[in-house]
Structure formats: C-alpha cells, structure tokens
Amino acid sequence: MTTTSGTTPGTGGSTSRRTVFLLAHTGRPAAIRSAELVVQGLLRSGIGVRVLAAEAVDLPLPSAVETVADAIPEVLDGCELLIVLGGDGTLLRGAEFARASGVPMLGVNLGRVGFLAEAERDDLDKVVDRVVTRAYEVEERMTIDVVVRTNGDIVHRDWALNEAAVQKVSPERMLEVVLEIDGRPATGFGCDGIVCATPTGSTAYAFSAGGPVVWPEVEALLMVPISAHALFAKPLVTSPKSVLAVEVQPHTPHGVLWCDGRRTVELPHAARVEVRRGAVPVRLARLHHASFTDRLVAKFALPVSGWRGAPH
C-alpha cells in the first residue's frame, strides 16, 4: 500500500477546470438525494461533474452536469476523482472503473457495512469540502489477478479487489479440490468452495467463511475453505509473492468462479484456477487517518465498553 498527497490527483490542475465523476445506485432514494447534494456543492465551487446517461435520467441534475453514454473506463478521462454513492455492490462497481482508469475512488456508504467507503451519508458536506480543497490522500489497495486453465491452456482471465471464489454448482454435491501454494500441493478435500482473497477482501466473503481479518497495510494473500469436509481445512495466509492454485478434481461436478461477487464464469471440466498479486491496484481516496481498528469496531458494532487504554 502506498499513499500520496491529494494535491495533484488525476489530471486535474490549476490551469484547467477540475472534473469529478459521480457514480450512484439510483435505485436507492437515499442515493438520489445524496447525489443531488454532492452535485450542487461541487458546481457551486466551480468543479465540473460528469455522470453516466443511464443514471442521469433518475437524478434531478442541472444542465451544467455532463453526461456520457458508455459505461467504459475511458469516460473518466480528465477526471481527478470518482465519487461513488451506494452500498458494497455499487462500491465494487466503482472499483472496476477506478482500477481500469487509474482515477482514485471516494466511496460514500449508503448500505449496511461498506468497508470500502470512506464516508457515511451524514458526511456529505465534509466530502464536498475535502474534494473542493483537495484535502484527501490516495491509497493503493492490492488486487489479485486470476487465471483459469484447462489442459494447460488459459481459457479465462479476471481480477478482483476483494476475492476470487471457486464454488460448487450442485447443492447436493461437494466440490473436490486440491490446494496448491507456490507450485507445491498443500491439501485436498471436499467443500462448498475456496475463497482466495486480498487483505481488503478479508472483511468480505473470506470473513463470512471464517477467515481472519487482515489489516489493509499488511501485504498478503488469503486462502479460506468454505464448509470443508476435512480435519485440516484452516484459513491460510501466504506471502504476497505466492501463487495460489485451486485444482478441481476430474471426478467432481463442474464448479463456478466468482470475482468480487460481480463477475462469474462456469469452470470447465478439471479446471485449474491460479491466483497471484494483481499487476494493477485500485486507488482509494482517504479523507482522514482513522485507525483500521476504529473502523472495525464501528462497522461491526464491536463491544469495547470497559476499555481503559494504556497507562500514561
């Protein structure tokens, strides 16, 4: 993870008009109202706003807002920041734009947990103020690159910010797999699936499957079994340089690969799924230096009453 100052993000500069891209879950009334407030605040400060035409029809936007038709990364050209309003699904959709374009993403959580979000709905005024004054920093989050092979040939490539999950398709049949780390077999068993995750994804699917919570600044890869029928099926934490592999056994039913719970592909017979550190990170805009411990306590409402702190 690296952090850079927000004084020169994206392509915005002092000699040209600054532009921010806004992505919102327009199916949420809260997102519509929040988008309206953000747009008004940015325009008042002379910052241009760009949105997708498909979302603009659901938003009460002034004519000064620029709309673009195609939902492709190139629509962020010239933008210094991507502001995303919504829950975890919307934030992951924004991460796809952020990774492909290199533009930092600033998430505002309108859902339940929202670990990728930097602010909550009540912080909209602060969000606008920090964007206007460029009072934010940019943090790089590790991703994973995913390759699916069959008979040695690559048949699919993908990536994920949170996790790549190999899962069974038939509810009545387990998926028989062998796990490999750095070219050596580690163990094999029947299970519902395997989650290969980043530290960012440790609080997502991997957490639900019983994996450890890993602080974002720790560079590592995680491998977490889902409902494994085995005595040794513990979550594994490896070096960020490791290559993880999940081999689906030939006698088992076909599996399916999910990346960030958004992109899916059916795995061919006897597929091999390889996961390694991603070549391209996702850049996140940060408004403050809050401790990850505090974020964890707040997001999960952890009981900390009675804490006295270290002696002074």
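Predicted model: local features only at pLDDT ≥ 70, side-chain atom pairs only at ≥ 80, totals over all residues.
Phe207 is partly exposed, with a relative accessible area of 34%; here buried means under 20% relative accessible area, exposed over 50%, and partly exposed in between, using a 1.4 Å probe and protein chains only. Residues are numbered from 1 along each chain as its sequence is written, and side-chain values use heavy atoms, with hydrogens and water left out.

Aromatic rings come next. Rings of Phe, Tyr and Trp (its six-membered ring) pair if their centres lie within 6.5 Å, and planes under 30 degrees apart count as stacked, over 60 as edge-to-face and the rest as tilted. By this rule there are 4 aromatic pairs. One of them joins Phe115 and Phe300 in a tilted arrangement, 5.4 Å centre to centre with 50° between the planes. This pair links distant parts of the chain, 185 residues apart: Phe115 sits in the loop between β6 (105-109) and β7 (119-120), while Phe300 belongs to helix α6 (residues 292-300). Helices (H or I, at least four residues) and strands (E, at least two) are DSSP runs, numbered from the N terminus. Phe115 is buried, at a relative accessible area of 11%, whereas Phe300 is partly exposed at 27%. Phe300 also pairs with Phe207, and here the rings are stacked, 4.9 Å centre to centre and 20° between the planes. Phe207 lies in helix α5 (residues 205-208) and Phe300 in helix α6, so this pair ties together parts that are 93 residues apart in sequence. Phe115, Phe207, Trp215, Phe292 and Phe300 form one aromatic cluster.

On a 1 Å grid over the protein atoms alone, a cavity is a set of points where a 1.4 Å probe fits but cannot get out, and a pocket is an open set with protein on both sides within 12 Å along at least five of seven lines; lining residues have an atom within 4 Å of a point. Grid points are joined across faces, edges and corners, and a volume is the space filled by probe spheres set on the points. The structure holds 3 cavities of 30 Å³ or more, and the largest cavity has a volume of about 70 Å³. Among the residues that line the largest cavity are Phe115 and Phe292, together with Arg141, Arg286 and Arg295. Its lining divides into 6 nonpolar, 3 polar and 3 charged residues, where Ala, Val, Leu, Ile, Met, Phe, Trp, Tyr, Cys and Pro count as nonpolar, Asp, Glu, Lys and Arg as charged, and the others, Gly among them, as polar.

The largest pocket has a volume of about 400 Å³. It is lined by 24 residues, of which Asp88, Val113, Thr203, Ala204 and Tyr205 are the closest to its centre. Helices α3 (88-101) and α5 each supply at least two residues of this lining. In the lining of the largest pocket, 8 residues are nonpolar, 10 polar and 6 charged.

Turning to the strands, β9 (residues 144-150) is mostly covered, with 6 of its 7 residues buried. Two strands pair if DSSP finds at least two bridges between them. β9 pairs with strand β10 (residues 153-160) in the antiparallel sense over 7 bridges, and Thr150 stands opposite Asp153 in β10. These two strands form a hairpin with 2 residues between them, and Asn151 in the turn has a positive phi of about 55°. β9 also pairs with strand β20 (residues 272-277), again in the antiparallel sense, over 6 bridges; the bridge partner of Val147 in β20 is Glu274.

Another hairpin is made by β12 and β13, with 2 residues between them and a positive phi of about 55° at Asp182 in the turn. Strand β12 (residues 175-181) and strand β13 (residues 184-191) pair in the antiparallel sense over 7 bridges, and Leu179 has Thr187 in β13 as its bridge partner.

Two single residues complete the picture. Thr19 lies in strand β2 (residues 19-24) and is buried, with a relative accessible area of 13%. Counting as contacts heavy atoms within 4.5 Å, and leaving out residues up to four places away in sequence, Thr19 touches Ile47, Gly48, Arg50, Gly78, Cys79, Glu80 and Leu81. Gly309 is found in the segment after α6 and counts as partly exposed, at 30% relative accessibility. Gly309 and Ala135 are 174 residues apart in sequence and 30 Å apart in space, C-alpha to C-alpha.
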